[in-house]
Amino acid sequence: MTPMRTALVAVCGVTIAAACVLALSYVALKGTADLQPLGGLALFVGLSAVSLVACAAPRSGAWAVLPAASGAAIAWVGWTSISHTLSGPHFEGYALVMGALGILQGILAVTLTCSRPWVRAAAHRS
């Protein structure tokens with residue numbers, strides 16, 4: 001496994017673990033009456049899971065685009081999370097951390113996906 005793929009898998013794992021810990025702590029502290037705030041965490045988990053599956057899948061057809069698409073989506077969700085936290089009246093540190101993880105994961109996924117065609121093209125030229 002390449003170092004970039006290893007880094008992507010690690011960041012996906014940390015993102016999923018952090019989202020699960022935050023969800024469990026929310027339910028433990030506030031109960032199950034209002035689960036709407038967990039939607040954003042579910043989005044982080046879902047997109048991270050898609051990145052993990054796409055990382056393990058063979059690179060052909062639609063599977064070749066999936067890591068870049070999920071990476072771009074989670075980077076956008078991360079950026080949105082950070083911007084809402086910084087511009088809102090209530091500062092939430094976990095949103096900053098989750099947003100930064102999402103952006104990092106997105107950059108890794110897009111870079112991993114987009115660097116492959118260039119590597120193959122360079123190998124064929126030499």
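Helices (H or I, at least four residues) and strands (E, at least two) are taken here as DSSP runs, numbered from the N terminus. The model is predicted, so local features need pLDDT of at least 70 and side-chain atom pairs count only at pLDDT 80 or more, whereas totals for chains, interfaces and linings use all residues. Residues are numbered from 1 along each chain as its sequence is written, and side-chain values use heavy atoms, with hydrogens and water left out.

**View 1. The overall fold has four helices and zero strands.** Along the sequence the pattern reads α-α-α-α. Of the 126 residues of the protein, 30% count as buried, a term that stands for under 20% relative accessible area, with exposed meaning over 50% and partly exposed in between (1.4 Å probe, protein chains only). Where contact means heavy atoms within 4.5 Å, 69% of the contacts between residues at least 6 apart in sequence join residues at least 24 apart.

**View 2. Ser51 lies in helix α2, which covers residues 38-56.** The helix has 19 residues and reaches 27 Å from its first C-alpha to its last, close to the 27 Å expected at 1.5 Å a residue; the expected span is 1.5 Å times one less than the number of residues. Ser51 is buried, because its relative accessibility is 1%, and the other buried residues of α2 include Leu38, Phe44 and Cys55.

**View 3. The side chain of Ser51 makes polar contacts with the side chains of Ser70 and Gln105.** The pair with Ser70 is at 3.0 Å and the pair with Gln105 at 3.4 Å, a polar contact being a pair of N or O atoms within 3.5 Å in which, within protein, one must be able to donate a hydrogen and the other to accept it, and residues adjacent in sequence count only if both atoms are side-chain atoms. Leaving aside neighbours within four places in sequence, Ser51 is also in contact with Cys12 and Gly71.

**View 4. Cys12 is buried, whereas Cys20 is partly exposed.** Cys12 counts as buried because its relative accessible area is 1%, and Cys20 counts as partly exposed because its relative accessibility is 37%. A search of the whole structure finds zero disulfides, a disulfide being a pair of cysteine sulfur atoms within 2.5 Å.
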